[in-house]
Structures are given as C-alpha cells and as structure tokens.
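The structure is shown first.

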Amino acid sequence: MNNNIIKMRRGAKISDSFWFYEVIGQESIAKNFIEKLLNVRIKSICKNEMGNRIRFEVLVDDNEKKCDVEIHRVTNIIDLGKRFRYYRDIRDLEANEYYKEYKKSYIIFLCEFDYFKKGFPIYTFENRAVENSEITLDDETYKIILNMDYAEENKKMVSNDIAEFLSYMKNGIVGEYSCDLVKNIQEEFLKVESNKNVIIKD
C-alpha cells in the first residue's frame, strides 16, 4: 500500500514523523526554519531525498559558502550520541570531495524528550579539546538537539521563533500572535494533510 494512504487523518499531528517530514521537507519551510535556528541568511536551498531524513544543500549569503543541513525527527531515546555518529558516517561515505572541499555540516535532531534532563531548549555540540574547551578542532561539523520538553526559564537560550516552534511541535497550538514561522508551518501542514489521499479508520 502506498505510504501516502496509510496515515489516519483523525488525530494527525505535525509532530508525527510522517507529517513532520512532509512539511519540514518543503524547501520554503526548511529555509525559514534554518535561518531562524542558525541565524543566517540563505541565498538558495536545495533538498536531497534521503529516505527517513531530510538533507539540504544551503548556499549562505556570507561569502556564498555552502553547507549541508540534515534534519531528523527522533523518537527513540536510546543511544542518541551513536545515532549522530551513524548519520555523520553516512555523510562521510557519500562525500566524494577532497577533504578540503568538505562543506560545513549541521545535523539537527528534534526530540520530544529532554535527553540530558537540563531543561535546555537546545544542545549544541562541536569538537573541542578535553584539556581546554576553548580549543576547537575546527572540522566544521555541528550537532544540534532541539528539545520540545524544555523548561520555560531557559526559553531565552533560543530565539523567540524557535521557542515558539518547539512549543508548537509539542502541543500543536497556533495562536493569533504566533510567529510567522509557526503560522507558515501550520498552513503548510493543513494544506499537505488535506491533499493526501488518507484513509480514516475508526
């Protein structure tokens, strides 16, 4: 059976992996989301179909540098670190470039659970020296965990738009004063959901 007709319309939520990839996979939506998250201006964005992950090649206005951005919806709490390593290994195997031509790389996990139990809305990792955290390896690989279950007092660790996005992903609520990012995602979600030939099951 076609995957497009096995999802129940009743109770569909943007936080469900099926709908998340359908909506966030739209280049216009991804562009807006990535710009807000990474605080960059994107000149162009191109989606690469990657199965259960979304990968984009992004051209940033700053010196027209290219970077790879992968977005994943994670529901399994086990071995999160090794999952990052797995996707990083896949990216390295796929790359044919000489290492000096490697693009800056971001792997973004969206989680409904707080893996580290610190209440942060975001956890960002890069390679640093154990002996001195001010020393970075400068391999331009970044791993980001976005936590839907963040503590309200830590909201300012991210922009207002990203905080609203995480709350929206958790509760599905869009208000009159919600940011454009959330409103655009909800609008696209309703459009995509209504266009799918979806079976309603009792």
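Strand 2 (residues 54-60) and strand 3 run antiparallel and are joined by six bridges. The model in which this pairing is found is a predicted one. Within the pairing, Ile-54 has Ile-71 of strand 3 as its bridge partner. The hairpin that strand 2 and strand 3 form has five residues between the strands, and Asn-63 in this hairpin takes a positive phi near 60 degrees.

Strand 3 also pairs with strand 4 (residues 104-111); these two run parallel, and eight bridges join them. Here Cys-67 stands opposite Lys-104 of strand 4. Strand 3 spans residues 66-74 and is mostly covered, with eight of its nine residues buried. In a regular strand, side chains alternate between the two faces of the sheet.

**Overall fold**

The protein has five helices and six strands. Their order along the sequence is α-α-β-β-β-α-β-β-β-α-α. Of the 202 residues in the protein, 43% are buried. Contacts between residues at least 6 apart in sequence include 56% that join residues at least 24 apart.

**Aromatic pairs**

A pair of aromatic rings is described by the distance of the centres and the angle of the planes. The whole structure holds 12 aromatic pairs. Two of the pairs are tabulated below.

| Pair | Centre to centre | Angle between planes | Type |
|---|---|---|---|
| Phe-33 and Phe-165 | 4.8 Å | 45 degrees | tilted |
| Phe-84 and Phe-109 | 3.9 Å | 10 degrees | stacked |

Which parts of the chain does the pair of Phe-33 and Phe-165 tie together? Phe-33 lies in helix 2 (residues 27-38) and Phe-165 in helix 4 (residues 160-171), so this pair ties together parts that are 132 residues apart in sequence. Both Phe-33 and Phe-165 are buried.

The rings of Phe-84 and Phe-109 count as stacked because their planes are at 10 degrees, and planes under 30 degrees apart fall in that class. This pair also links distant parts of the chain: Phe-84 belongs to helix 3 (residues 80-94) and Phe-109 to strand 4, 25 residues apart. Phe-84 and Phe-109 are both buried. Strand 4, which carries Phe-109, is the strand that runs parallel to strand 3.

One aromatic cluster is formed by Tyr-115, Phe-116, Phe-120, Tyr-123 and Phe-125.

Note on methods
Residues are numbered from 1 along each chain as its sequence is written. This is a predicted model: local features need pLDDT of at least 70, side-chain atom pairs count only at pLDDT 80 or more; totals for chains, interfaces and linings use all residues. Side-chain values use heavy atoms; hydrogens and water are left out. Helices (H or I, at least four residues) and strands (E, at least two) are DSSP runs, numbered from the N terminus. Buried means under 20% relative accessible area, exposed over 50%, partly exposed in between (1.4 Å probe, protein chains only). Contact means heavy atoms within 4.5 Å. Two strands pair if DSSP finds at least two bridges between them. Rings of Phe, Tyr and Trp (its six-membered ring) pair if their centres lie within 6.5 Å; planes under 30 degrees apart count as stacked, over 60 as edge-to-face and the rest as tilted.
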